[in-house]
Structures are given as C-alpha cells and as structure tokens.
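Subject: Structure handover

Hi,

Here is the structure I promised to pass on. My notes on it follow below.

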Amino acid sequence: AAAARALALDPELGDAHSAAASVKFVYEFDWAGAEQEFKRALELSPSSADTYDLYGRLCSALERFDEAIALHKRAQELDPLAHPADVATSLLRAGRYDEAAEAARRAIALGSAARGHSTLGWAYFRMGRMGEGLAALERAVALSPGDSLWQAQLGQAYALAGNVERAREILGELEEQSGTRYVAPYHMAYVHTGLGQHDRAMDYLEQVHRSDNAE
C-alpha cells in the first residue's frame with residue numbers, strides 16, 4: 001500500500017517501483033510483474049544498488065543464474081558493504097562452488113560473517129569437503145546464536161552427512177525454542193528435508209504458504 005501511494009504521488013520514483021517489485025516477487029508470486037517493475041526502477045534509478053540486488057534475487061529464484069550473478073556483482077560494486085553476500089549465494093546455486101567459496105570469504109571480510117560462513121560451508125559441502133563445510137556452518141551458528149536459520153541449515157547438513165543423531169538433536173532444539181519464540185516453519189523444513197522426511201517438510205512449507213495467504 002505504501003509503494004502504491006508513493007507511485008500515485010510520483011510515478012517516477014525508482015525506489016517505489018523497486019518496493020512494488022519486491023512485493024510482487026515475494027508475496028504475490030507475480031514474477032513477470034516484478035521483473036517489469038524492477039526494470040522500470042533501474043530505468044529511473046540506474047545507480048540503485050538495492051534494486052540490482054533484489055532483481056538478482058528474483059533471477060536467482062527463477063534459476064537465471066548468469067543474470068543473477070551479474071546483477072549481484074553490480075550491486076556489490078555500487079555498495080559493497082550493503083550487499084556483500086548475495087553474489088556468493090547465486091554462485092552457490094549455480095553450482096560454481098569454487099567461485100562461491102571465494103565470494104563467501106570476501107563477504108566475511110566485508111562483515112557478513114554468519115551468512116558468509118554458512119554459504120562457505122555449503123560450498124565446501126558441495127565440493128565434498130564435508131568436514132570443512134560442517135565447521136563453517138557451526139561457525140555461522142556460533143556467530144549468530146539467536147538465528148534459527150543457520151541452526152536449521154546446520155541440522156540439514158548433518159543429516160545429509162549421515163549424522164542423523166546430531167540432526168535430530170538440532171531439530172529437537174528448534175522445536176523446544178519454538179515454544180518460547182518464533183521459529184520460522186521453513187527453518188524446520190530444512191532439517192526434515194535433510195532427514196528425508198519430505199512429507200513432514202511439506203507440512204511446514206504449506207504452513208508458511210497458508211500464513212502468507214492469510215496476511
């Protein structure tokens with residue numbers, strides 16, 4: 001509503017088009033509409049690092065990885081401190097693990113410590129260096145102990161590495177935490193997916209979807 005109001009007041013506001021694009025992408029699943037808004041935002045504000053970064057996330061979600069990487073690199077060039085990690089994530093999703101690890105190390109150096117270590121961990125993991133990968137994921141959890149995302153990813157990694165007991169321990173910790181604070185259902189789905197419990201993971205993902213639709 002705020003983005004629509006801003007555009008009603010001034011249709012030439014690039015940031016407002018970018019905000020509208022983000023809503024279409026994340027909440028409405030209108031990816032074509034989101035892309036149109038991102039392109040208009042960049043026409044109006046060609047130096048907006050935030051828009052390049054968010055547009056890159058859309059392309060990455062659509063598995064258009066070359067475009068995503070280019071957009072994220074441009075965002076990083078424009079504002080390296082604000083956008084140090086997304087290029088590493090897109091490189092990881094593209095299967096370019098060596099480059100992802102290098103980009104993750106740069107992100108860590110620029111201050112994105114927990115996310116950088118998590119991405120580095122998955123890059124190592126996908127390269128078959130499971131011990132180093134788990135150590136990096138453990139580091140991400142240690143750096144941000146209140147963030148259930150990194151804890152859930154660690155649980156998933158342990159499950160995939162064959163340490164089912166440790167994965168179940170982490171799942172139990174997340175379930176216990178959910179009794180006193182919010183733990184995103186999709187974080188729980190990470191661990192269940194790693195354990196091969198896909199029906200249970202889908203239950204949690206459907207819970208997220210129902211919640212989004214209710215809003």
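**What I found**

His117 sits in helix 8, which covers residues 113–126. Please keep in mind that this is a predicted model. Is His117 buried or exposed? With a relative accessible area of 16%, His117 falls under the 20% cut-off, so it counts as buried. Setting aside residues up to four places away in sequence, His117 touches Ile108, Ala136, Leu137, Arg139, Ala140 and Leu143.

**Overall picture**

The protein is helical: 13 helices, zero strands. Read from the N terminus, the elements run α-α-α-α-α-α-α-α-α-α-α-α-α.

On size, the radius of gyration is 18 Å. A compact globule of 215 residues would come out near 17 Å, so the two values agree. Along the principal axes, the C-alpha atoms fill a box of roughly 55 × 40 × 25 Å.

Of the 215 residues, 45% count as buried. The accessible surface comes to about 11100 Å². Carbon and sulfur atoms hold 51% of that surface.

Residues 24 or more positions apart account for 41% of them.

Charges next. The protein carries 21 positive and 32 negative charges.

Helix 4 spans residues 49–61, which makes 13 residues. From first C-alpha to last, helix 4 reaches 19 Å, close to the 18 Å expected at 1.5 Å a residue.

Which residues of helix 4 are buried? They are Ala49, Thr51, Tyr52, Asp53, Tyr55, Gly56, Leu58, Cys59 and Ser60. These buried residues pack against four helices: helix 2 (14–26), helix 3 (31–44), helix 5 (65–78) and helix 6 (86–93).

Ser60 lies in helix 4. Its relative accessible area is 4%, under the 20% cut-off, so Ser60 counts as buried. Leaving out neighbours within four places in sequence, Ser60 is in contact with Phe65, Ala68, Ser90 and Arg93.

Just after helix 4, check the backbone at Glu63: phi is positive there, at about 65 degrees.

**Helix 2**

Helix 2 is one of the packing partners of helix 4.

The buried residues in helix 2 are Gly14, Ala16, His17, Ser18, Ala20, Ala21, Ser22 and Phe25. They pack against helix 1 (2–9), helix 3 and helix 4.

One reminder for reading such lists: an α-helix has 3.6 residues a turn, so residues three or four places apart point the same way.

**Helix 13 and Asp199**

Asp199 belongs to helix 13, residues 198–214. Is Asp199 buried or exposed? Its relative accessible area is 65%, over the 50% cut-off, so Asp199 counts as exposed.

How far is Asp199 from Thr119? The two are 80 residues apart in sequence, and their C-alpha atoms are 26 Å apart in space.

Over to you.

Best wishes

Terms used. Residues numbered from 1 in each chain as written. Predicted model: local features only at pLDDT ≥ 70, side-chain atom pairs only at ≥ 80, totals over all residues. Heavy atoms only, no water. Helix = DSSP H or I, 4+ residues; strand = E, 2+ residues; numbered from the N terminus. Rg over C-alpha atoms; globule rule 2.2 N^0.38 Å. Buried < 20%, exposed > 50% of the residue type's maximum accessible area, 1.4 Å probe, protein only. Contact = heavy atoms within 4.5 Å. Areas by Shrake-Rupley, 256 points an atom, 1.4 Å probe, with all protein chains shown as cover. Lys, Arg positive; Asp, Glu negative; His and termini not counted. Charge placed at Lys NZ, Arg CZ, Asp CG, Glu CD. Expected span 1.5 Å × (residues − 1).
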